[in-house]
Every structure is written in C-alpha cells, then in structure tokens.
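Let's take a walk through this protein together. Have a look at the chain first, and then we'll go through it piece by piece.

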Amino acid sequence: MALSLLHVVFLGAAMPLLLFGTPAAGAGVVGVNYGRVANNLPDPASVVQLLKQNGITMVKIFDAFPQALRALANTGIKVTVMMPNGNLPDAARDPGYALGWVRSNVKAYYPETQIHDVAVGNEVSYSSPDLTWSLVPAMTNVQKALADLGLADAIKVTTPVAFSAVNVSFPPSAGRFRDDIAQPVMRPMLDLLQRTGSYFSINIYPFDAYDAHPDDIPLDYALGNYTPGVVDHVTGLVYHSLLDAQLDATYFAMENLMGGAARDGILRASLTESGWPSSGGRVARLEAVAEAGGAPAASVANAQAYNNYLIKRVLSGNTGTPHRPDADMDVYIFALFNENQKGFGPDDVEQHFGLFYPNMQKVYPFDFSPPTAESWCVANAPVGDARLQAALDYACGHGADCGAIQPGGACFEPNTMVAHASYAFNSYYQRNHRASGTCDFGGAAAVVYQAPKYGNCVLPSNAWIQETKLKSEGYAAI
Ligand SMILES: *[C@@H]1O[C@H](CO)[C@@H](O)[C@H](O)[C@H]1NC(C)=O
C-alpha cells in the first residue's frame with residue numbers, strides 16, 4: 001500500500017491509539033438482575049431452571065436470599081449478593097458485624113455457589129443519602145472480612161452507584177461526579193476499589209433520559225443505534241449510542257477525580273443495571289405524548305430493541321466505548337421479571353422492566369446464548385477524510401482484505417472515503433474475529449448491528465468470513 005507523505009504524518013500521529021487496536025482478550029459477561037419485589041414470582045429452584053434453559057450465566061440479587069443461593073449451588077452461575085442498605089451503619093461501625101455477615105451470607109455458600117462479588121448497599125447516595133457517610137467504611141469492613149476468611153482474591157467488594165452521581169454528563173469528556181460526594185465518597189471508594197482489584201459499578205438507564213427529553217434525544221440514539229452519531233467536540237469522539245456517551249461520562253468523571261491510575265484504565269467499570277420497560281407510563285404523560293402524535297417511550301418494541309442491543313454488545317465482545325475501546329465490562333440487565341409491587345401501581349413503568357412475565361413466558365424474543373450475534377465495523381464519517389484515510393491505510397497494511405475496493409473490485413463503487421474505509425475496517429474487524437478493540441482506529445470506526453450497505457456493496461459479516469476461512473482450510477466438503 002503506497003502512503004503519501006501526508007498519510008505517513010497522520011499515521012504517525014495516530015499510531016499510539018491504533019496500537020491498542022490489536023486483538024485483546026476478554027470482553028465481559030451479560031447477566032440479569034433477579035429482583036423479587038413481587039408476590040407472584042416462581043420459586044427460586046424454578047427460577048434457576050429458567051436461567052439455565054436460557055443460557056444466563058450470571059445473576060445479581062438484592063440481598064443474600066438463602067433459597068436462591070442454595071438453588072444456585074453447583075450450577076456454575078456467577079452470583080452477586082448484596083448487603084442491603086439497612087445493614088450499612090452496623091457494618092460501618094463494627095468490623096465484627098461485617099465479619100459475621102460475610103460468614104453467614106457468603107462463606108456459608110461458597111464455592112458451591114459461585115459468588116463472585118458482594119455489593120455493599122444499593123444506590124446509596126441516591127436512595128438512602130442519610131447513609132452515605134457509612135458506605136465506604138462498610139465496604140472497607142466487608143472487604144477486610146473477605147480477606148480474613150481467605151476469600152478476597154475470588155470475591156470482590158463493590159457498590160452499585162446510580163448514574164445521578166455523575167452531575168455533568170455532556171459532552172462525555174466533561175464528566176464530573178456531584179460536588180457533594182466527589183471528595184468525601186467517590187475518591188475513597190475508587191481508591192478502595194483500585195487497591196483491591198475490584199471495579200466501579202454503575203446503574204445507567206438511557207431510557208430515563210429519553211423519557212424525560214423525547215424531543216431532544218433521537219430514539220435510535222437511546223436504543224444504541226444512531227447512525228449519524230453525536231460528536232464530543234472536545235475529544236472528537238463520535239457516539240452512536242447514548243449508553244456509550246453515559247459510560248464515557250462516567251469514565252471521564254473517574255479520571256477527572258483520580259487522574260493517573262483511572263486514566264490508565266486500571267480501574268474497570270461494571271454496568272450493574274440497565275434496561276428498558278415494555279409498558280407503563282404516567283397516564284397524564286401518555287395522554288400528552290399521544291396528543292403530540294408521539295409513541296410512548298416504554299413499549300415492547302423499544303424494550304426488545306434495547307435489551308437485545310445490550311446482549312449483542314456483550315456477546316460480540318464489544319463492551320468498549322469510544323473513549324475506552326478496549327474496556328472489559330460485565331452487564332446486568334434489569335430485570336429478570338416484571339415485579340408487581342414496585343413503583344406506584346400497575347401503570348408505573350417500574351413494574352414492566354422484566355424480560356419474563358412471572359409465569360416465565362418471555363415478554364419478547366431475546367437470546368443470551370452463543371453463537372454470537374452478527375456485527376460489522378464501519379467508518380465514523382464525522383471524523384473527516386484525513387483520519388479515515390490514515391486508518392484505511394493502517395487496516396489495509398495490517399491484514400484487511402482491500403482488493404474489493406481497488407478499481408474494478410466489487411466494492412470500488414461507490415468510490416467514497418466513507419464506503420472504502422468502512423469496507424477495510426470491517427474486513428480487519430472480521431478477520432480479527434471481532435476481538436475487543438479491533439474496531440476503533442483511533443476513533444475513526446464504530447461497531448453496528450445491522451448489515452451496512454453502500455450502493456451495491458454489502459459488507460461481509462462474521463458468518464461470511466467463517467465460511468471463507470473454513471473453505472481455505474479445506475473443510476468446504478463437510
Ligand atoms: C453540577 O454542575 C454544575 C455546573 O458545573 C454546578 O454549578 C453544580 O454546583 C453541580 N452540582 C453538584 C451537586 O455537583
């Protein structure tokens with residue numbers, strides 16, 4: 001591939017970023033939140049059968065419910081148990097209390113039940129602000145208890161934080177934690193998480209932002225598939241998904257507070273709740289929406305689109321964001337069931353976040369099990385032709401099949417930078433088995449989940465590559 005001087009200069013500038021684009025291991029696991037604020041749910045043994053039948057390998061509960069922990073034994077399903085908010089003052093004041101709690105709620109079940117972390121409290125600074133003072137001391141004592149019992153390598157301490165802790169979230173690079181908790185709570189918490197090899201847990205619902213501002217936020221952006229993209233003009237990063245923008249605001253908030261280590265990406269994040277309701281909404285609001293000719297934010301179609309997007313992101317190894325393309329992240333969908341005692345009544349969206357009805361029927365189709373969802377890599381047009389050209393040259397020089405975009409090739413037309421770069425990026429991405437970080441090119445590329453088409457050129461999917469690979473390895477006859 002001949003490089004003009006201009007391209008060499010750009011490539012040189014882009015190299016440090018592109019180096020991270022080599023295939024990286026691991027990505028994350030997708031699980032569910034098993035909430036029980038309901039009076040009509042199946043018994044825990046049936047729930048565990050349901051998880052197994054659906055290939056769900058990770059679950060988070062909101063306490064340490066003994067029947068559930070026993071039913072999960074010897075299943076290989078990874079479990080997050082939670083110390084409820086009400087226990088925090090005792091656990092903060094008294095290391096002996098924390099030790100006793102860990103003994104009877106964690107050690108008693110482990111390792112038969114694969115507990116892999118302990119959530120100390122839930123959205124404390126949002127739902128129990130009066131307990132905020134006790135949060136980090138309680139986490140510290142629970143972590144010490146795990147260490148005393150020889151469990152601290154296998155089981156990490158964390159605490160799910162509500163996204164409202166991030167005060168400034170747009171542009172993502174301006175991400176900041178709320179002033180009242182940044183220094184007194186977030187800093188010592190992030191220190192503890194980092195020191196103990198744990199991860200920062202955050203609950204993020206793009207649904208909330210869309211529901212509050214349907215006129216300002218494109219639905220496709222909230223659902224994770226907004227082709228035009230939204231640009232952060234400070235970093236030049238392009239966002240196709242509101243969730244990514246909110247995750248990056250969180251990463252930037254961590255970096256803005258902690259600097260150094262947070263910036264090096266040592267401290268991981270875990271998305272401990274995200275989801276979308278399939279029904280509900282305040283009657284007054286629904287009437288206003290209908291009058292304006294709009295559709296309700298909470299619908300089966302939107303919930304199906306968002307939760308399948310989340311599942312596909314994780315299954316296809318793409319938990320990275322524009323700012324942290326290589327980030328590994330576990331994701332827990334909220335929630336396993338519709339819960340009929342949440343919120344303010346049957347019309348409240350709070351009761352309709354479930355993947356399943358209490359009778360264990362799916363609310364809409366979804367699939368947690370590999371073979372993995374298809375995905376493609378395309379150019380981010382807003383970064384401009386110079387960056388696209390540099391990245392295109394890199395891809396073609398590092399294993400992408402660029403024959404089809406040469407004059408006379410099947411994808412030479414349309415002869416545009418975006419179409420050619422997309423072809424090359426996608427080839428590089430597929431040939432690297434869609435490994436984490438191989439669709440980044442310094443921010444010039446992004447993953448999409450619907451087959452992209454440029455003129456008559458259809459970008460090949462992973463299935464196509466696999467077939468080609470099998471043929472080249474001589475298995476075509478099977
Ligand atoms: C949130 O950010 C705004 C704008 O920077 C600032 O004026 C306000 O004090 C912040 N509030 C909190 C609670 O941090």
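**Bridges, then helices**

Let's start with the sulfur links: this structure holds three disulfides. Keep in mind that we're looking at a predicted model, so everything here is computed from its atoms.

Take Cys377 and Cys439 to begin with. Their sulfur atoms sit 2.1 Å apart, and the two form a disulfide. What does this link tie together? Cys377 belongs to strand β14 (residues 376-379), while Cys439 is in the loop between α16 (417-431) and β15 (445-448), so the bridge connects parts that are 62 residues apart in sequence. Are the two cysteines buried or exposed? Cys377 is buried, and so is Cys439.

Next up is the pair Cys396 and Cys402, joined by a disulfide with an S to S distance of 2.1 Å. The torsion about the S-S bond of Cys396 and Cys402 comes out at about -90 degrees, so this one is left-handed. Both Cys396 and Cys402 are buried.

Now find Cys411 and Cys457, which form a disulfide with their sulfur atoms 2.1 Å apart. Here the torsion about the S-S bond of Cys411 and Cys457 is about 95 degrees, so the disulfide is right-handed. Cys411 lies in the loop between α15 (385-397) and α16, and Cys457 lies in strand β17 (residues 457-458), so the pair ties together parts that are 46 residues apart in sequence. Cys411 has a relative accessible area of 8%, and because anything under 20% counts as buried, Cys411 is buried. Cys457 is buried too, with 4% relative accessibility.

How are the bonded cysteines paired if you number them in sequence order? The pattern is 1-5, 2-3, 4-6.

Time to move on to the helices. Look for helix α7 (residues 132-148) and helix α8 (residues 179-195): their axes come within 10 Å and cross at roughly 10 degrees. Angles under 35 degrees count as roughly parallel, so α7 and α8 are roughly parallel to each other. The crossing of α7 past α8 is left-handed. On the α7 side, the contact is made by Thr132, Leu135, Val136, Met139 and Thr140, and on the α8 side by Ile181, Val185, Pro188, Met189, Leu192 and Leu193. What kinds of residues make up this contact of α7 with α8? They divide into nine nonpolar, two polar and no charged.

Helix α8 has another partner to look at. It packs with helix α11 (residues 242-258) at an angle of about 100 degrees, with the axes 11 Å apart. An angle from 65 to 115 degrees counts as roughly perpendicular, so that is how α8 lies to α11. In this contact, Ala182, Gln183, Met186, Arg187, Leu190 and Asp191 of α8 meet Met254, Leu257 and Met258 of α11. The residues in the contact of α8 with α11 divide into six nonpolar, one polar and two charged.

Finally, step back and take in the whole chain. It has 17 helices and 17 strands. Of its 478 residues, 55% count as buried. And if you take the contacts between residues at least 6 apart in sequence, 74% of them join residues at least 24 apart.

Key. Residues numbered from 1 in each chain as written. Predicted model: local features only at pLDDT ≥ 70, side-chain atom pairs only at ≥ 80, totals over all residues. Heavy atoms only, no water. Axes fitted to C-alpha atoms, helices over the stretch in contact; angles between N-to-C directions. Helix = DSSP H or I, 4+ residues; strand = E, 2+ residues; numbered from the N terminus. Parallel < 35°, antiparallel > 145°, perpendicular 65-115°, else oblique. Left-handed = near helix turned anticlockwise from the far one by under 90°. Contact = heavy atoms within 4.5 Å. Nonpolar A, V, L, I, M, F, W, Y, C, P; charged D, E, K, R; others polar. Disulfide = S-S within 2.5 Å. Buried < 20%, exposed > 50% of the residue type's maximum accessible area, 1.4 Å probe, protein only.
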